[in-house]
Amino acid sequence: MRILSVLLAASIGATAQRVIPVTFSRPTARLPALHDRAGTYSQELNNNLTGGGYYAQVTVGTPPQTIDLIVDTGSSDVWLLDAHSNLCQSKAMQNYYGYCLSTYDPSKSSTYSVVSDDSFRISYVDRSGAEGDYIRDNFSIGGADIEALQMGLAENTTINSGLLGIGFAANVAASTPYPNIMSLFQDQDLIAIQAYSLYLDDLYAETGTILFGGLDTDKFIGELEIVSIEPDRHGNYSSFTVALSSFTTTADNGTVTNYTRSPVPVILDSGTTLTYLPSSMANRVFRAFDAVDDTSGTGLVFVSCDYLSDNQNLTFDFQFGGNNGPIVRVPIDEMVLDNVQGYIELGLDLPSLPFDNVCSFGLQPNSDYYLLGDTFLRSAYVVYDLTNKQIGLAQANLNSTKSNIVEITQESGIPDASGVASQVSVEQTATVLPGTGNSGGAPTVTVTSTSTPSQSSANVGVRALPAPDWEIMAVAAVVGLCGLMGVGLVVI
């Protein structure tokens with residue numbers, strides 16, 4: 001797995017500001033074996049089929065141990081995989097849950113200490129989980145050093161990678177809340193307030209960026225608009241829940257179809273690969289697209305790939321915070337995913353379908369949690385302001401290669417910022433396509449952009465698309481991630 005090093009602040013012009021830039025990446029493409037086990041088969045498929053999983057590289061301990069952690073806005077604990085955990089010591093468990101990725105060995109760190117034995121227990125809505133001790137050790141990310149960060153150390157786990165949970169401290173798994181990584185970023189004066197921005201880039205990009213304490217006006221289009229984070233039923237702020245006021249599609253011919261009957265609370269969750277909406281709403285979408293819901297069987301929703309050629313400009317439009325709120329338009333190739341053929345060749349059994357050209361849908365029904373995962377977030381530029389309980393949203397400027405970083409200060413909160421005027425232009429300059437057997441590479445992509453401010457956020461990202469190739473498009477998180485992002489990393 002290729003994980004890129006974190007960017008130093010100086011490399012992108014952030015030296016004069018309290019901004020911590022972190023580049024994260026997805027694993028290299030590969031198709032894992034299919035594991036037909038109850039409850040996890042479909043989740044693993046979802047994770048691998050949709051290119052899920054974004055990893056940030058950190059160091060922990062003295063001397064520093066390099067570890068790759070899954071970036072998760074849906075949870076609040078940083079936790080590490082103990083090198084001597086039950087999963088890492090058992091080949092039988094690894095055959096079932098997947099082999100261990102980056103691990104941490106507390107015996108090799110002179111600054112490691114135990115906070116409380118056997119007190120770390122975390123579980124997620126996909127029924128995966130981990131348990132062990134709460135510990136403290138020195139932690140470094142993006143050139144910023146945090147002293148004595150409290151973390152979970154997983155000794156028993158069904159998850160084969162640690163997590164970088166960057167949600168509200170109130171949502172940590174401990175029975176008594178503790179200052180989590182976002183709290184310590186501010187307490188140790190590394191950032192001005194607890195805020196960060198997230199830029200995943202498109203489905204075909206290998207990397208994205210988090211800016212702790214800042215935002216990048218070259219990574220979004222038009223105005224950054226603000227919506228309020230919704231408290232839970234107890235009045236507490238424990239997740240990045242916002243009001244989805246409208247969900248529509250706009251067809252190539254301009255026809256708009258509305259699937260919303262009332263506002264829906266949705267969680268913005270980078271630890272989830274797909275988008276999960278109420279079953280009634282999702283079913284209306286499936287009927288409109290003649291999609292087949294097989295989530296009770298293979299765990300997938302199937303749809304005809306013909307939409308990718310017959311409705312190339314169709315968008316799924318998400319509006320937040322009322323009629324005047326921000327709109328994020330998701331292109332059809334983020335929701336209709338040409339990624340099934342490789343798994344069919346590996347033995348995936350399809351149900352009876354009314355179409356032959358089979359794709360999977362990046363949207364699924366759920367009756368308990370409504371999550372906007374990576375199939376949505378790749379089209380959005382999102383600023384998370386934990387201090388002021390606000391979210392900033394704009395259309396992502398995909399494939400941007402420039403930066404204009406602005407610090408988020410105590411006085412400004414999310415600033416009144418304008419992004420670029422329009423989506424960067426993309427030109428393919430090579431004729432070799434992946435999977436053709438000649439030179440073996442994807443087309444060279446030349447990207448240009450402008451930083452002219454704009455008042456419009458209606459642009460939809462133009463992406464550098466290689467020819468459809470299931471092996472390239474099914475960017476695997478790794479063998480046996482067992483649904484780590486299939487249903488979503490929201491803590492229960």
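**A paired strand and its setting**

Tutor: Strand β9 (residues 195-199) and β25 pair in the antiparallel sense over 4 bridges. Two strands count as paired if DSSP finds at least two bridges between them. Helices (H or I, at least four residues) and strands (E, at least two) are DSSP runs, numbered from the N terminus. This is a predicted model, in which local features need pLDDT of at least 70 and side-chain atom pairs count only at pLDDT 80 or more, while totals for chains, interfaces and linings use all residues. Residues are numbered from 1 along each chain as its sequence is written, and side-chain values use heavy atoms, with hydrogens and water left out.

The hairpin of β25 and β26 has 4 residues between the strands, and Lys-389 takes a positive phi near 55 degrees.

As for burial (under 20% relative accessible area; exposed is over 50% and partly exposed lies in between, with a 1.4 Å probe and protein chains only), 6 of the 6 residues of β25 (residues 380-385) are buried, so the strand is largely enclosed by the rest of the structure. In a regular strand the side chains alternate between the two faces of the sheet. Ala-380, Val-382 and Tyr-384 point one way from β25, whereas Tyr-381, Val-383 and Asp-385 point the other way, and all are buried.

Strand β23 (residues 363-366) is likewise covered on both faces, with Leu-363 and Pro-365 buried on one side and Gln-364 and Asn-366 buried on the other. β23 runs parallel to strand β16 (residues 275-278), to which 4 bridges join it. Tyr-276 has Gln-364 in β23 as its bridge partner. Helix α5 (residues 279-288) has Met-281, Ala-282, Arg-284, Val-285 and Phe-286 as its buried residues. Just after α5, Asp-290 takes a positive phi of about 55 degrees.

Turning to disulfides (a pair of cysteine sulfur atoms within 2.5 Å), the count comes to 2. One of them joins Cys-305 to Cys-359, with 1.9 Å from S to S. Its torsion about the S-S bond is 115 degrees, and the link of Cys-305 and Cys-359 is right-handed. Cys-305 lies in the loop between β18 (300-304) and α6 (306-310) and Cys-359 in strand β22 (residues 358-361), so the pair ties together parts that are 54 residues apart in sequence. Both Cys-305 and Cys-359 are buried. Another disulfide is formed by Cys-88 and Cys-100, whose sulfur atoms are 2.1 Å apart. The torsion about the S-S bond of Cys-88 and Cys-100 is about -110 degrees, so this disulfide is left-handed. With bonded cysteines counted along the chain, the disulfides follow the pattern 1-2, 3-4.

For the chain as a whole, there are 10 helices and 29 strands. Buried residues make up 59% of its 492 residues. Among contacts (heavy atoms within 4.5 Å) between residues at least 6 apart in sequence, 73% join residues at least 24 apart.
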